Amino acid sequence: SDVCSSDLARFGRTLLELGGNNAAIVAADADLAVVVPELVRNAFVYSGQRCTAIRRWVVDESIYDEFIERALTETAQFASSPLIGELITESAASRVEAAIESAIAGGAVRLTPAGGKRKRSVPPTILRADDPTSDIVQNELFGPVAVVQVSTSLHHALDLANGVQQGLLVGVCSSDPVTIERVARESAVGIVQIGGNPVPVHPDAPFGGWGMSGIGPAEHGIWDMQFYTRPRTIYGLSS
C-alpha cells in the first residue's frame, strides 16, 4: 500500500537477448568431412557477427590433429567467400584484432596465418586456447575468430562448453544418440543444435538463452503473445 502508482510503473516486463558465446562439442566419432565445413561456415559467415555463431570448437583430443588439418584447409578456401563480408565499423575490426593479439600474448596459439586488419576486415582466424579462463574464451568477440578447446572426455567437453557465463546455444557433433542426449540434457543453454550448421531459427520455436545470454522469457511463437498479454480467468456464477 506504500507503493504509489508512479513506482509501480517502473516494474515493467523485461525481455533482453544478450548474445552468445556458443560452443560445439565435436565428439571422437564425428564425421569430420561433414562437420568441419559446417563449423567453419558457422564461425565465419558475416564475419562472426551473429549471436548464434558457434565460435568455440570443443574437440576431442583423439581427433584434434585431423580436425585442425581439415579446418585450416577449409578456412583458407572459405576466406574469399562473399558470405564473410566486413565488420560493421573500422573500430570493431580494430577491437577484434586487438583481442587476437592480446590472446596470443596471454598464451593462445594462432593456427591460421596472420593476415592483419584491413580497414573493416579481419581475416578468419583460428586460435587454440588451453586456458578456459582466458578472455578470448570467456567473452563473446562478435568477430571472425574461432577458438579451439581440446577435451579429454565428454564430461570434460561439457565442462568446457558450460564454462562461460553465456548460455544461448550449444552444438553437438556426434552420431551417437547417447552422446547427443547427454549433451542436450547437461548443457546450460536455451538452444541445442545437432550438427555444426548455423542454427535454422524457427519462428514458432522458443528462442532465448540462459545465464548472461538472456533475461526474461523466450522470444518467438506463443511466447511473444504471452509477453505482451496477461491471462485472465473467468468463472461461472455457479462455480
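Student: Let us start with serine 187. Is serine 187 buried or exposed?
Tutor: Serine 187 counts as buried, at 6% relative accessibility. Buried means under 20% relative accessible area, exposed means over 50%, and partly exposed is in between, with a 1.4 Å probe and protein chains only. Please note that this is a predicted model, in which local features need pLDDT of at least 70, side-chain atom pairs count only at pLDDT 80 or more, and totals for chains, interfaces and linings use all residues. Residues are numbered from 1 along each chain as its sequence is written, and side-chain values use heavy atoms, with hydrogens and water left out.

Student: Where is serine 187 placed?
Tutor: Serine 187 is in the loop between α7 (177-186) and β9 (191-194). Helices (H or I, at least four residues) and strands (E, at least two) are DSSP runs, numbered from the N terminus.

Student: What does serine 187 contact, leaving aside its neighbours within four places in sequence?
Tutor: The contacts of serine 187 beyond those neighbours are Leu158, Asn162, Val170 and Trp210. Contact means heavy atoms within 4.5 Å.

Student: Now asparagine 21. Where is asparagine 21 found?
Tutor: Asparagine 21 is in the loop between β1 (16-17) and β2 (22-26). The residue has a relative accessible area of 2%, so asparagine 21 is buried.

Student: Which side chain forms a polar contact with that of asparagine 21?
Tutor: The partner is glutamine 166, and the polar contact is 3.2 Å. A polar contact is a pair of N or O atoms within 3.5 Å; within protein, one must be able to donate a hydrogen and the other to accept it, and residues adjacent in sequence count only if both atoms are side-chain atoms. Beyond four places in sequence, asparagine 21 also has contacts that include Arg55, Arg56 and Val137.

Student: And leucine 18, is leucine 18 buried or partly exposed?
Tutor: Leucine 18 has 39% relative accessibility and therefore counts as partly exposed. Leucine 18 lies in the loop between β1 and β2.

Student: Changing topic, where is arginine 120 found?
Tutor: Arginine 120 is in the loop between β4 (109-110) and β5 (125-128). With a relative accessible area of 34%, arginine 120 is partly exposed.

Student: Which backbone oxygen does the side chain of arginine 120 reach?
Tutor: That side chain reaches the backbone oxygen of isoleucine 88 at 3.0 Å. The C-alpha atoms of arginine 120 and serine 91 are separated by 7.7 Å, although these residues are 29 residues apart along the chain.

Student: How many residues does helix α2 have?
Tutor: Helix α2 (residues 32-44) has 13 residues. From first C-alpha to last, α2 reaches 18 Å, close to the 18 Å expected at 1.5 Å a residue; the expected span is 1.5 Å times one less than the number of residues.

Student: What do the buried residues of α2 pack against?
Tutor: They pack against β2, β3 (54-60), α3 (64-78), β5, β6 (145-151) and β8 (169-173). Among the buried residues of α2 are Leu32, Val35 and Phe44.

Student: Finally, in which strand is valine 172?
Tutor: Valine 172 is in strand β8, and valine 172 is buried, with a relative accessible area of 1%. Not counting residues up to four places away in sequence, valine 172 touches several residues, including Ile25, Val183 and Ile194.
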